[in-house]
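Look at the model below and follow the chain from one end to the other.

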Amino acid sequence: MSPTRMSRFESGVRTVLAFNEAFNRHDVAGMMGLMSEDCVFENTSPAPDGTVYKGKKAVTNFWQDFFRESPQAHIEIEEIFGLGFHVVMRWRYEWVDAAGIKGHVRGVDIFKFKDGLICEKLSYVKG
């Protein structure tokens with residue numbers, strides 16, 4: 001594999017790691033700084049297909065609302081790897097509900113890149 005191609009794999013993984021670090025800080029500006037203007041985010045709910053948010057403004061609004069409603073949200077990465085212009089991340093999402101009860105779900109995100117930025121984030125959970 002050429003060094004240029006290897007660098008592209010590593011760059012995508014580094015970007016997703018930075019995105020996840022910003023997520024765990026609830027830093028929406030930091031997350032969105034890693035996404036393209038025309039980004040697409042496909043959420044896990046409602047089942048079975050989730051809601052699709054298109055464009056930086058819609059995705060930003062989603063994350064702001066999400067963290068307001070889930071102030072203890074945290075994602076632990078279980079596995080991550082790059083495939084060209086894609087990165088796959090297996091994760092465990094943890095939260096605490098309004099009654100103080102802890103919960104979690106496991107899932108996978110598939111990220112797609114354009115010009116070094118995340119242009120698509122598709123999220124899936126174990127049902």
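Six strands form an open sheet in the order β2-β1-β6-β5-β4-β3, and their pairing is mixed. Helices (H or I, at least four residues) and strands (E, at least two) are DSSP runs, numbered from the N terminus, and two strands pair if DSSP finds at least two bridges between them. At the edges lie β2 (52-54) and β3 (74-83), each of which pairs on one side only. From one strand to the next, the twist averages 15°. This is a predicted model, in which local features need pLDDT of at least 70 and side-chain atom pairs count only at pLDDT 80 or more, while totals for chains, interfaces and linings use all residues. Residues are numbered from 1 along each chain as its sequence is written, and side-chain values use heavy atoms, with hydrogens and water left out.

Strands of a sheet pair through backbone hydrogen bonds, either parallel or antiparallel. Strand β1 (residues 35-42) is antiparallel to β2, with three bridges between them. In this pair, V40 stands opposite K54 of β2.

Helix α3 (residues 56-69) packs on the sheet and touches β1, β2, β4 (86-96) and β6 (117-125); contact means heavy atoms within 4.5 Å. The direction of α3 makes about 55° with that of β1. Axes are lines fitted to C-alpha atoms, for helices over the stretch in contact, and angles run from 0 to 180 degrees between N-to-C directions.

How many disulfides (pairs of cysteine sulfur atoms within 2.5 Å) are there? The count is zero. C39 is in no disulfide, and the nearest cysteine sulfur, that of C119, is 8.8 Å away. That distance is too far for a bond.

How values were computed
A disulfide is a pair of cysteine sulfur atoms within 2.5 Å.
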